[in-house]
Amino acid sequence: MITNAFPYRLYLVISEESCLGRNFLEVAEQAVQGGVDIVQLREKALSDIEFLDRALRLKEVLVKHNVPLIINDNLNVARRVEAFGIHVGNNDLSPIEIKSQWSSPHCLGYSIEYIEQLNTEKTKISDYLGISPVFSTETKTDTVTEWKLNGVSKIRTLTDKPLVAIGNMNKQNAAEVIRAGADCIAVVSAICKAENPVLAAEILRNEIERAL
Ligand SMILES: Cc1ncc(COP(=O)(O)OP(=O)(O)O)c(N)n1
Ligand SMILES: Cc1nc(C(=O)O)sc1CCOP(=O)(O)O
Ligand SMILES: [Mg+2]
């Protein structure tokens, strides 16, 4: 469920390469203008120095709009950029390590790929959970469980943590995924590959709001 610590509804996960050759900073700012209220920088192929450079530039844009920055996977970059938080999955630095190395109140997101994860210490100490993936997607293919709507509902019955739905989320399915129990919708393609990222974010935001 939504908390004061995680009040976000529309979550952009962005990388330079997802933006079809456009400037990713402009795409991020347009997304925020359309209603994105939290942004994750996910760069899988850059060096730490390059990742840090992109993160610093993105943070400069987001700070103007009071929108928090989450860093994917890389705790060094997250610390150096003084990010709001970090998102990790089962193949990354463990949430327990992160909490011990980077004190609260930083926000820790953790991907849920197996139902059994809901009973673990890693989940208990995380600030939000990524439902990974709700629907399979070409953007990330090394996934395990396609949760679908009934998976979202099942996870909802087992935890009060804020739930972020990710994986092929778009304007056609956002409302039903919220109604199934997600609190927040995370997207790459639906905004980064949209002809008009402002409009794409506005439509997604409206779909979310109408389902609440
Ligand atoms: C909001 C959100 N949810 C899930 C993920 C996936 O994280 P992970 O499982 O660590 O996979 P990679 O993104 O690192 O490939 C995410 N990034 N964001
Ligand atoms: C970054 C990420 N994580 C996923 C997961 O399942 O954990 S799916 C994904 C990519 C989502 O991209 P799109 O909105 O283009 O489907
Ligand atoms: Mg990861």
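The model is predicted: local features need pLDDT of at least 70, side-chain atom pairs count only at pLDDT 80 or more, and totals for chains, interfaces and linings use all residues. Residues are numbered from 1 along each chain as its sequence is written, while chains are lettered from A and ligands numbered from 1 in the order in which they are written.

**Stop 1: helix α1**

Select residues 24–34, helix α1. Helices (H or I, at least four residues) and strands (E, at least two) are DSSP runs, numbered from the N terminus. Color the buried residues of α1: Phe24, Val27, Ala28, Glu29, Ala31, Val32 and Gly34. Buried means 20 or more other C-beta atoms within 10 Å of the residue's own; exposed means 12 or fewer, and partly exposed is in between, with C-beta atoms placed from the backbone. Now show β1, β2 (38–41), α2, α8 (189–192) and α9 (197–211); the buried residues of α1 pack against these elements. Contact means that two C-beta atoms, placed from the backbone, lie within 7 Å.

**Stop 2: α1 against α2**

Axes here are lines fitted to C-alpha atoms over the stretch in contact, and angles run from 0 to 180 degrees between N-to-C directions. Select Leu25, Ala28 and Glu29 in α1; they meet Arg57, Leu58 and Val61 in α2. By class, this contact has four nonpolar, no polar and two charged residues. Ala, Val, Leu, Ile, Met, Phe, Trp, Tyr, Cys and Pro count as nonpolar, Asp, Glu, Lys and Arg as charged, and the others, Gly among them, as polar.

**Stop 3**

Most residues other than glycine have a negative phi, and most peptide bonds are trans. Go to Leu20, in the loop between β1 (10–14) and α1. Its phi is positive, near 55°. Leu20 is exposed, with 12 other C-beta atoms within 10 Å. Next pick Asn66, in the loop between α2 and β3 (69–72). Asn66 has a positive phi of about 60°. Asn66 is exposed, with 8 other C-beta atoms within 10 Å. Then zoom to Pro133, in the loop between β6 (128–131) and α6 (148–158). The peptide bond from Ser132 to Pro133 is cis, with omega near -15°.
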